[in-house]
Structures are given as C-alpha cells and as structure tokens.
Amino acid sequence: MDIKKIILKKIVVLKSKKTCMAKIINEISRTFSEYLLIPNLSKKTNIIENVSLKTSLVRFKKGDVSKITLNIPIVSAIMQSVSNDRLAIALAKEGGISFIFCSQTIEQEAKMIENIKKYKAGFVISDSNLTKKSTLDDVLRLKAITKHSTIAITDDGTANGKLLGLVTSRDYRVDVLPGTTKVDEFMTPINKLVVAKGDISLNEANDMIWNYKINQLPVLDNDGRLKYLVFRKDFDQHKKNVNEILDKNKRYLVGAGINSYDYKDRVPALIKAGADILCIDSSDGFSEWQATTIKWIKQNYKDAFVGAGNVVSADGFRFLANAGADFIKVGIGGGSICITRETKGIGRGQATAVIEVCKERDKYFKETGIYIPICSDGGIVLDYHITLALAMGADFVMLGRYFARFDESPAHKVNINGTFYKEYWGEGSLRARNWHRYDNENEKFKFVEGIDSYVPYAGSLSDNIKLTTVKIKSTMCNCGVLNIKELQEKAVLTVVSSTSIIEGGAHDVIQKDTINLK
C-alpha cells in the first residue's frame, strides 16, 4: 500500500475518534494584586467631593433605573461572624447593605430583620442589660464586651423588660466598691431618672435631653417596659448620615441570605419580616437548585428581588441571568477563610472571573436590554482592590473579613499577647457547619471548605468605611472620572509582574515602626 494512503487512513481514524481530554483555558487566572490602574487626565473638577459612588443593586431594563440603589458599592457577606442586625444598621447608615446570615433558624433570621426594620434612627435598642441582682463584676464584664457604659437594669435583664434603673460610669468607683456589690445598691433608680413614655419624636427626645441636661433618655411603653435609649452623643451623628439608605417608609434597607434547601419556609418569613432583597448563599451557584429556587420565589413573590451565585464563568452568568437572578455574585475560593480551591480544586482567580463575567453581562445587556448588576465576592485584600473590581465591571463588592474586624460584627474581641483581634470563621468551617451552603442532598457536613481564624481588630465601622470610600474616590479622581460608570468606561488597567508588586510597597528601607526605639 502506498505510504501516503496509509498516512491519510490514520489521519481519518484519528479525526473520527472523540477527544477524551478536558477543555483547557490557557489564559492565566489572575488576582486583583496582579493589576494596577494607569492614571488618566485629572481635571479641576476631579475632586473627592464631586465623586459619586452610587450604584445599582438589582436588574433593570434599558432606559429605566434600578429599583434599589446603594450609595456606596459595598455590601457585607452572608456570614455568622459578619452580618447581624447591629452591623446591618451601621452599614445602612453609611449607604451600604448587609445580608443577614441564613445559617441560623428561620425565626432567628426573621427576628434580626424585624429588629432592623423597627430600628428608629436615634432610638437605640439597649444591648447592655442586667437585673438588680447582678453585681459590679457583672457590670464590668458586660462593659468590656459591649464597650458601652450605659447599662439598663430591668426586671428580667432583657432589652424590653420593666425598667428599674440605669448604671453609668458615674454610679460607681471600682477602687471603692467591692466587685460583689449588688447593682441595686449603686444604680440610679427609675424614680430619679428622666424618662419619656409612649410615642415620641427624635426632636422631642433631643429637646428633653438638652432641657434636663442629661446624657441619655430611656423611652418606655405605657407599662414601664424599656423600648429605646436616646443618647446626647448621637445628636450630631444623626445629622452626619447623609448616605444612609432607607425604604419608602424611612426604614433602613436590609438583605437576607437564603439557601436552596428550606427556601419555601424561609423566604415567606423573611419577606414578612421586611427583607428588602434576598440572596442565595452557595459556594457554587451554577446549579439547577438555584434556578429552581429563583423560579419559585418569582412565581410566589412577584415583587421580590433575589441575588444568586457564586459563578466564575460566562456560562455561569448566562445560566443565572436566564433563571431570573436580580444580581449575580462572582467568586469561588477567593475569600481569606475559604479553602474551596485547595479542598475541591474548583475556582478561578478573582480578577479573571470578574472580567469574563462582566463581559458576558454587557453582551447580555446588548442582546436583551436588561442590565444585571455584578457583585465581586472574595479576593479583596486591600482597599484599592475594590476600585479595581469596579473598574473591571463589577457594580459592587461583598466583603467578609473587612467587616469582621469592626466593633459591630457579632464575633468576640480577644486579646492575644497585648494585641486585640476579632474572631472570624467561614461558613464552610466546622464552627459554622453551614451544610446547606455546600450540600443540597442531606443534612450532613461531609468536609470543611473554610477555616476558623482571627483578624486584627480595627475599631468602628463608620470610621473605617469613610476612610475606604475616600480612598476609592481619590483613585477615581486619578483616573479622571466622577462615577462608577465612567470608571468602567475610561479606566486603563495594566498587568504587573511579581517584581513590580514588590516595588509598589515600601522597600529597601528599614521602617521606623519595626525598630524598638528606646
């Protein structure tokens, strides 16, 4: 047989065989730290005061606007160690939104939503409460935990018990009173307190505080039960919350995490409690379970909004977009406490994932006229990474570790060798045991995808979020833009080498704070 015929025959046989090889993407999967923004012309109008960080939270049609808008492009993660009612209120005051964690009972999550919706700006639900049988030692322990010096003494030790008195730092001296001294021996009893009863406006409450020259005003119901505390120190703060996000009834906005397991029971309770938006919490959102969950919500609650994810590819975005998701989260394995990539071998560099998904989002918008906001979830280590995510096309970012560091997070603050830290654990850790985030088949936690850790304590949410947003605005000024849309249209990004990453930080010097100066 002719040699050419033999070769051609072998080629035909080879072509007829189906490939048994996986598809390989040769493009390197990159993280945010591998990119920098190249400055553009900064005009005289490019000043921080002129920059807007407003962004869309839910899908909308071309020519319309999103029905929910954030004043800052930052939301808190659906995590036990991050998003509770206290942090949600603090973040809403700054213009962002929290998604209350769903790895708790339906009743517990709904109660947190109710607390946020019932919260009145300036009217604080007491988080420091004791009974008259408590001791000075109990007062000091509680003060160390909450960092609040005003403690309500109620008949049952709860925030809504019958008020018997108040304890403040003016009521005791630790160098004089024994720690075993009962609270009712040194508290200010109710008959010596100025209190307000029934419905009262914030202006009326503040007038009472100033007229009676007091630092706090308890507000009671008609039965003498404590409803709120109003503080003198908060007077100026309330006037500064120019970015706060409110619903049509002037209540703070809040989101709620859900899963694709008990959603038929959980969703009705959360919507009844007042949740403004839902978000499916899963390590991998490219699944039929999520599509089924979204379909059920849309069929039963036509006005409800629901975010979905997480995905890291164009196909994943397209699947959830067609399913009806109102926003889509991007990111698998990029969180600081997430070990999904090393445990299961799935995921993608966060920057590459965001870029690809946002390109598909823009393509989807051109085809359908429907814009679906993208949330970058994970991989944010430094503040400028937020700006990079926005420049790459994300509409907002979801942060966990960032918020876990603050006073308002639910985790405990601990002192380790003289340095304060806050506890921070992943939903896939043994501590959280959030099995329904990873397994829809049965109530069994097969293996961990997250760790239990500490993060450096950083103080109040308000102080830190203000600093972060100023940094974002400053970078946008360097890029010659005044809003997020302009940033996405005009930003120029460059890939950096490992050497240039080192060059970008302090180098070839000895920093003074590393030397033990005597």
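Axes here are lines fitted to C-alpha atoms, for helices over the stretch in contact, and angles run from 0 to 180 degrees between N-to-C directions.

Some ground rules. This is a predicted model, where local features need pLDDT of at least 70, side-chain atom pairs count only at pLDDT 80 or more, and totals for chains, interfaces and linings use all residues. Residues are numbered from 1 along each chain as its sequence is written, and side-chain values use heavy atoms, with hydrogens and water left out.

Back to the pair. Which residues make the contact, meaning heavy atoms within 4.5 Å? From H3: Ile106, Glu109, Ala110, Ile113, Glu114 and Lys117. From H7: Asp265, Arg266, Ala269, Leu270 and Ala273. By class, that contact has six nonpolar, no polar and five charged residues. Nonpolar is Ala, Val, Leu, Ile, Met, Phe, Trp, Tyr, Cys and Pro; charged is Asp, Glu, Lys and Arg; the others, Gly among them, are polar. As background, an α-helix has 3.6 residues a turn, so residues three or four places apart point the same way.

Next pair: H9, residues 314–323, and H11, residues 350–368. Their axes come within 8 Å and cross at roughly 45 degrees. That makes H9 oblique to H11. The crossing is right-handed. H9 brings Ala314, Phe317, Arg318, Ala321 and Asn322 to the contact. H11 brings Glu356, Val357, Glu360, Arg361, Lys363, Tyr364 and Glu367.

Which of its residues are buried? Ala314, Gly316, Phe317, Arg318, Leu320 and Ala321. Buried means under 20% relative accessible area, exposed over 50%, partly exposed in between, with a 1.4 Å probe and protein chains only. The cover over them includes helix H8 (288–300), strands S16 (306–311), S17 (327–330) and S19 (374–377), and H11. After H9 comes Gly324, with a positive phi near 110 degrees.

Now the aromatics. How many aromatic pairs does the structure hold? The count is 15. Rings of Phe, Tyr and Trp (its six-membered ring) pair if their centres lie within 6.5 Å; planes under 30 degrees apart are stacked, over 60 edge-to-face, the rest tilted. Phe365 and Tyr371 pair edge-to-face, at 5.7 Å centre to centre and 85 degrees between the planes. Phe365 counts as partly exposed, because its relative accessibility is 24%. Tyr371 is at 12%, so it counts as buried. Tyr402 and Phe403 are also edge-to-face, at 5.1 Å and 85 degrees. Tyr402 is buried at 7%, and Phe403 is buried at 0%. Phe60, Phe365 and Tyr371 form one aromatic cluster.

Last, the whole protein. It has 16 helices and 24 strands. Helices (H or I, at least four residues) and strands (E, at least two) are DSSP runs, numbered from the N terminus. The C-alpha trace spans about 110 × 60 × 50 Å along its principal axes. Of the 518 residues, 50% count as buried. Among contacts between residues at least 6 apart in sequence, 65% join residues at least 24 apart.

How values were computed
Contact means heavy atoms within 4.5 Å. Angles under 35 degrees count as roughly parallel, over 145 as roughly antiparallel, 65 to 115 as roughly perpendicular and the rest as oblique. A crossing is left-handed if the near helix is turned anticlockwise from the far one by less than a right angle, and right-handed if clockwise.
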